[in-house]
Amino acid sequence: MTTLYAFPPTRSNRAQWALEELGLPYDSHIVNLEGGEQNASEHLSRHPLGVVPVLETGQYRLFESVAIVMQLIDENPGLGLAPEPGTPERAQYYQWCVYAPAEMDCRLMEYFDNKLRPLYAMRPPGRQYNLEAAEQGKYQFSLRANAVSKVLEKQDYILGDVFSGADIAVGHSCFMAKLMGLIGEYPVLEAYYDRLNQRPAHRKVYGVAGG
């Protein structure tokens with residue numbers, strides 16, 4: 001049985017969304033990050049950084065949320081969540097799947113870690129917070145959000161008219177932005193996320209309001 005080690009709301013939601021879109025059977029094991037379970041040797045053996053998600057199957061163990069999304073979709077090509085390998089459309093798919101964690105998530109986390117995390121109980125002791133860094137993260141996210149918005153101005157999904165794994169990757173970044181109160185600054189992105197929130201798989205993972 002496939003097991004997803006998760007803790008919502010984190011990037012483990014992205015991996016779970018892919019599992020639900022694909023209709024795959026799996027067990028979900030919640031790693032209690034607030035209780036420190038991520039620091040136990042058992043979990044560190046799964047993920048060297050002690051975070052989530054981790055996907056375990058009978059054949060492999062995989063971490064990094066978008067890697068999980070892409071692998072699961074490749075294992076189920078008949079469901080049409082990715083273009084054919086070697087095509088120009090596949091190149092765009094790779095680009096946007098990588099763009100979400102590499103460009104969007106990290107800027108959002110820079111904002112969160114330096115402005116919003118102090119409001120939550122889950123904060124490292126002695127951590128120094130930098131409001132200038134928070135504003136820089138917000139600004140850098142704006143550049144990346146505007147770039148995605150330009151793509152979505154004339155089409156419903158990242159690759160055109162058809163939903164794909166790239167939308168799972170970017171859509172979770174939009175969820176993070178919504179959770180942080182930022183997505184309202186980008187109406188095209190907000191409308192896109194509202195479309196994603198109509199999908200049953202998305203609602204099952206994120207809830208009806210999607211954040």
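This is a predicted model: local features need pLDDT of at least 70, side-chain atom pairs count only at pLDDT 80 or more; totals for chains, interfaces and linings use all residues.
1. Start with helices α4 and α5. Helix α4 covers residues 88-116 and helix α5 covers residues 131-152. The two pack with their axes 7 Å apart, at an angle of about 150 degrees. An angle over 145 degrees counts as roughly antiparallel, so that is the label α4 gets relative to α5.

2. Staying with that pair, the crossing of α4 and α5 is left-handed. As for what sits in the contact, sorting its residues by class gives twelve nonpolar, seven charged and four polar.

3. Next, a residue from helix α5: A147. Is A147 buried, exposed or partly exposed? Its relative accessible area comes out at 30%. Buried needs under 20% and exposed needs over 50%, so A147 is partly exposed.

4. Then have a look at R14, which belongs to helix α1, residues 12-22. This arginine has 0% relative accessibility, so R14 counts as buried.

5. Which residues does R14 touch, leaving out those up to four places away in sequence? On that basis R14 is in contact with S65, V66 and V69, with A100 and D105, with I168, A169, H172 and S173, and with Y206.

Technical notes: Residues are numbered from 1 along each chain as its sequence is written. Side-chain values use heavy atoms; hydrogens and water are left out. Axes are lines fitted to C-alpha atoms, for helices over the stretch in contact, and angles run from 0 to 180 degrees between N-to-C directions. Helices (H or I, at least four residues) and strands (E, at least two) are DSSP runs, numbered from the N terminus. Angles under 35 degrees count as roughly parallel, over 145 as roughly antiparallel, 65 to 115 as roughly perpendicular and the rest as oblique. A crossing is left-handed if the near helix is turned anticlockwise from the far one by less than a right angle, and right-handed if clockwise. Ala, Val, Leu, Ile, Met, Phe, Trp, Tyr, Cys and Pro count as nonpolar, Asp, Glu, Lys and Arg as charged, and the others, Gly among them, as polar. Buried means under 20% relative accessible area, exposed over 50%, partly exposed in between (1.4 Å probe, protein chains only). Contact means heavy atoms within 4.5 Å.
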